[in-house]
Amino acid sequence: MGNGTSIGRVRGLGSAHDGAHHWLAARTTAVGNLVLMTWLIVSLLLLSDYSYAAVTAWLSQPIAAVPMILLIISVFYHARLGLQVLTEDYVHNSGSKFAVLTALNLIAFGAGAFAIFCVASLALTGAA
């Protein structure tokens, strides 16, 4: 593998060849979070009343519920990606790393599913 130079000895070693996908997914979700959070802030500022009934009525509309669900998916996936990198960098024991990553996945997907369920129940029934 290589001609004996330093670079020739290390080619093909080290990378699992999936770091680019992780990096691109983190950047894509960051852009999605920026766009969707801007939508959320503008939408909330345009509400005339911040009462529970007004926000529930606004969120029960499909034009608000769909971007909100997309925001939930993007935020939880982005958080999961970032915490995965922290775990992989700073937890060195393989057993502990496996346990932390498993807990991270369960919490991220569980909390995301709960948040999506809450928005969907508002959107489909119009009440909490």
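The expected span of a helix is 1.5 Å times one less than its number of residues. Keep that rule at hand for the helices below. The model shown here is predicted.

Start with helix α2, which covers residues 19–46. Helix α2 has 28 residues, so at 1.5 Å a residue it should span 40 Å. The C-alpha atoms at its ends are 41 Å apart, which agrees. With 29 residues, α4 should span 42 Å, and its end C-alpha atoms are 42 Å apart, in agreement with the rule. Helix α5 has 32 residues and should span 46 Å. Its end C-alpha atoms are 46 Å apart, which again agrees.

Now step back to the whole chain. The chain has five helices and zero strands. Read along the sequence, the pattern is α-α-α-α-α. The chain has 128 residues, and 24% of them count as buried. Take the contacts with a separation of 6 or more: residues 24 or more positions apart account for 68% of them.

Move on to α4. Its buried residues include Ala64, Ala65, Pro67 and Met68. Leu71, Ile72, Ser74 and Arg80 are also among the buried residues of α4. Leu81, Gln84 and Thr87 complete the list. The cover over the buried residues of α4 includes α2, α3 and α5.

In α5, the buried residues are Leu101, Leu104, Ala108, Gly112, Ala115, Val119 and Leu122. The buried residues of α5 pack against α3 and α4.

How do α4 and α5 lie relative to each other? Helix α4 runs over residues 62–90, and helix α5 over residues 94–125. Their axes come within 10 Å and cross at roughly 170°. Angles over 145 degrees count as roughly antiparallel. So α4 and α5 are roughly antiparallel to each other. The contact of α4 with α5 has 17 nonpolar residues, four polar ones and three charged ones.

Zoom in on one residue of α5. Ala108 lies in this helix. Is Ala108 buried or exposed? Residues under 20% relative accessible area count as buried. Ala108 has 10% relative accessibility, so it counts as buried. Which residues does Ala108 touch, leaving out those up to four places away in sequence? They are Phe76 and Arg80. Ala108 and Phe76 are 32 residues apart in sequence. In space, their C-alpha atoms are 6.0 Å apart.

Next, look at the loop between α2 and α3. Tyr50 is found there. Over 50% relative accessible area counts as exposed. Tyr50 stands at 52% relative accessibility, so it counts as exposed. Tyr50 still has contacts: it touches Leu44, Leu45 and Val55, not counting residues up to four places away in sequence.

Val55 lies in helix α3. How exposed is this residue? Val55 and Leu44 are eleven residues apart in sequence, and their C-alpha atoms are 8.5 Å apart in space.

How values were computed
Residues are numbered from 1 along each chain as its sequence is written. This is a predicted model: local features need pLDDT of at least 70, side-chain atom pairs count only at pLDDT 80 or more; totals for chains, interfaces and linings use all residues. Side-chain values use heavy atoms; hydrogens and water are left out. Helices (H or I, at least four residues) and strands (E, at least two) are DSSP runs, numbered from the N terminus. Buried means under 20% relative accessible area, exposed over 50%, partly exposed in between (1.4 Å probe, protein chains only). Contact means heavy atoms within 4.5 Å. Axes are lines fitted to C-alpha atoms, for helices over the stretch in contact, and angles run from 0 to 180 degrees between N-to-C directions. Angles under 35 degrees count as roughly parallel, over 145 as roughly antiparallel, 65 to 115 as roughly perpendicular and the rest as oblique. Ala, Val, Leu, Ile, Met, Phe, Trp, Tyr, Cys and Pro count as nonpolar, Asp, Glu, Lys and Arg as charged, and the others, Gly among them, as polar.
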